[in-house]
Amino acid sequence: MFSKISKQALRPIGRLTEAWQTTGAVRRAADTRTAQELKTTLEAYAQTLPEIAKFKKDIKALPMQHQGLVADVAELASSKIFLPTDVNMFEVVGKETVLERLVGDIIIASKKNPDALDCTQEIINNTGSTPAKWILSAMSGGIIKQEKAAKQFAATKEMIPILAEHAFQGGYTADHKGAEYMVDCLKRLLTPEVKPESIKFVTEFSKNSNKFENLEGLHLDEILNTKAPIEKLRANFEVLPQINDMKNISPSGQKIDPTTFLINNVNLY
């Protein structure tokens with residue numbers, strides 16, 4: 001009486017994209033999808049995205065949190081906004097699409113560099129859909145597989161929300177300057193030669209810098225590459241509030257260069 005029912009098309013359970021997608025910094029909650037919901041979501045994407053279908057068995061073997069990351073990346077790639085700044089993650093680079101390269105990187109990094117995937121998840125959780133697509137596209141093709149930078153990835157994770165807030169001030173702009181800024185900072189931070197302790201110090205400084213009214217911006221490269229012991233930077237940082245208070249009562253209004261002060265405060269050397 002009835003014809004055979006074809007295999008039902010599955011619908012992914014997304015958590016990132018909205019009808020009007022945010023374009024700057026956001027604060028997304030952690031992924032709360034169950035194992036079954038992730039399974040359904042990834043099977044749904046495998047039905048429509050060759051990049052997910054290609055790695056189906058490998059994705060199935062991933063830890064649950066990394067399956068969630070793949071689902072997030074697939075959701076971002078599938079999303080589209082009708083603005084000139086939209087990012088096409090199906091663009092072919094070499095012989096693979098950006099999405100294909102990225103999923104392949106995640107599978108390798110899951111075993112060899114899981115700290116990089118934690119950092120990547122933080123990027124998604126703290127940036128809007130379009131900048132996240134731009135940043136992930138720029139990262140595809142190798143950086144998250146860089147095992148030598150595992151400690152740097154672990155140290156940088158906590159800094160991602162701070163970078164995002166700084167990069168995406170002022171709302172939507174018809175360019176990718178905020179995302180470009182974040183990628184530039186990530187390249188500087190995620191270098192094996194940079195000491196993880198230096199990254200942690202920059203994070204600590206950034207979290208507290210809004211307490212000071214008279215600071216110029218921090219020169220990231222100089223702090224990351226200084227030969228000054230990290231203990232001395234911390235000691236100088238403890239004195240900085242006193243210098244800030246002195247500037248408050250000074251009529252000159254001169255700003256403090258925190259980079260020079262932190263590295264070269266001769267009173268503490």
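## The model at a glance

What you have here is a predicted model. The protein contains 14 helices and two strands. Of its 269 residues, 47% count as buried.

Taking contacts between residues at least 6 apart in sequence, 78% join residues at least 24 apart.

## The nonpolar core

The largest nonpolar core has 69 residues, and Ile52, Ile59 and Val73 are those with the most contacts inside it. Helix H4, which spans residues 64-78, gives the most to this core, contributing seven residues.

Let's look at one of these core residues. Setting aside neighbours within four places in sequence, isoleucine 59 is in contact with Leu42, Ile52, Gln67, Val70, Val103 and Ile107.

## Helix H4 against helix H5

How do the axes of H4 and helix H5 (residues 98-112) cross? They come within 11 Å and cross at roughly 170 degrees. Angles over 145 degrees count as roughly antiparallel, so H4 is roughly antiparallel to H5.

On the H4 side, the residues that meet H5 are His66, Leu69, Val70, Val73 and Ala77. Their counterparts in H5 are Leu99, Leu102, Val103, Ile106 and Ser110. Sorted by class, this contact has eight nonpolar, two polar and no charged residues.

## Methionine 89, in a loop

Methionine 89 sits in the loop between H4 and strand S1 (92-93). Is methionine 89 buried or exposed? With a relative accessibility of 0%, methionine 89 counts as buried, because the cut-off for that label is under 20%.

Leaving out residues up to four places away in sequence, methionine 89 touches Val73, Leu76, Ala77, Thr97, Val98, Leu99, Leu102, Lys133 and Ser137. Val73 and Ala77 also belong to the H4 side of the meeting with H5, while Leu99 and Leu102 belong to the H5 side. Methionine 89 and valine 73 are 16 residues apart in sequence, and their C-alpha atoms are 9.4 Å apart in space.

Which side chain makes a polar contact with the side chain of aspartate 72? That partner is arginine 33, at 2.8 Å.

Not counting residues up to four places away in sequence, aspartate 72 touches Arg15, Leu16, Asp31, Arg33, Gln121 and Ile124.

## Helix H6 against helix H7

Helix H6 (residues 114-126) and helix H7 (residues 129-139) pack with their axes 9 Å apart, at an angle of about 155 degrees. H6 and H7 are therefore roughly antiparallel to each other.

From H6, the contact is made by Thr120, Ile123 and Ile124; from H7, by Ile135, Leu136 and Met139. By class, the contact of H6 with H7 has five nonpolar, one polar and no charged residues.

Alanine 25 lies in the segment before helix H1 (35-48). Because its relative accessibility is 36%, alanine 25 counts as partly exposed.

The residues that alanine 25 touches, not counting those up to four places away in sequence, are Asn126, Thr127, Ala164, Glu165 and Phe168. Alanine 25 and isoleucine 123 are 98 residues apart in sequence, yet 9.7 Å apart in space, C-alpha to C-alpha.

Notes:
Residues are numbered from 1 along each chain as its sequence is written. This is a predicted model: local features need pLDDT of at least 70, side-chain atom pairs count only at pLDDT 80 or more; totals for chains, interfaces and linings use all residues. Side-chain values use heavy atoms; hydrogens and water are left out. A nonpolar core is a set of buried Ala, Val, Leu, Ile, Met, Phe, Trp, Tyr and Cys residues joined through side-chain atoms within 4.5 Å. Buried means under 20% relative accessible area, exposed over 50%, partly exposed in between (1.4 Å probe, protein chains only). Helices (H or I, at least four residues) and strands (E, at least two) are DSSP runs, numbered from the N terminus. Contact means heavy atoms within 4.5 Å. Axes are lines fitted to C-alpha atoms, for helices over the stretch in contact, and angles run from 0 to 180 degrees between N-to-C directions. Angles under 35 degrees count as roughly parallel, over 145 as roughly antiparallel, 65 to 115 as roughly perpendicular and the rest as oblique. Ala, Val, Leu, Ile, Met, Phe, Trp, Tyr, Cys and Pro count as nonpolar, Asp, Glu, Lys and Arg as charged, and the others, Gly among them, as polar. A polar contact is a pair of N or O atoms within 3.5 Å; within protein, one must be able to donate a hydrogen and the other to accept it, and residues adjacent in sequence count only if both atoms are side-chain atoms.
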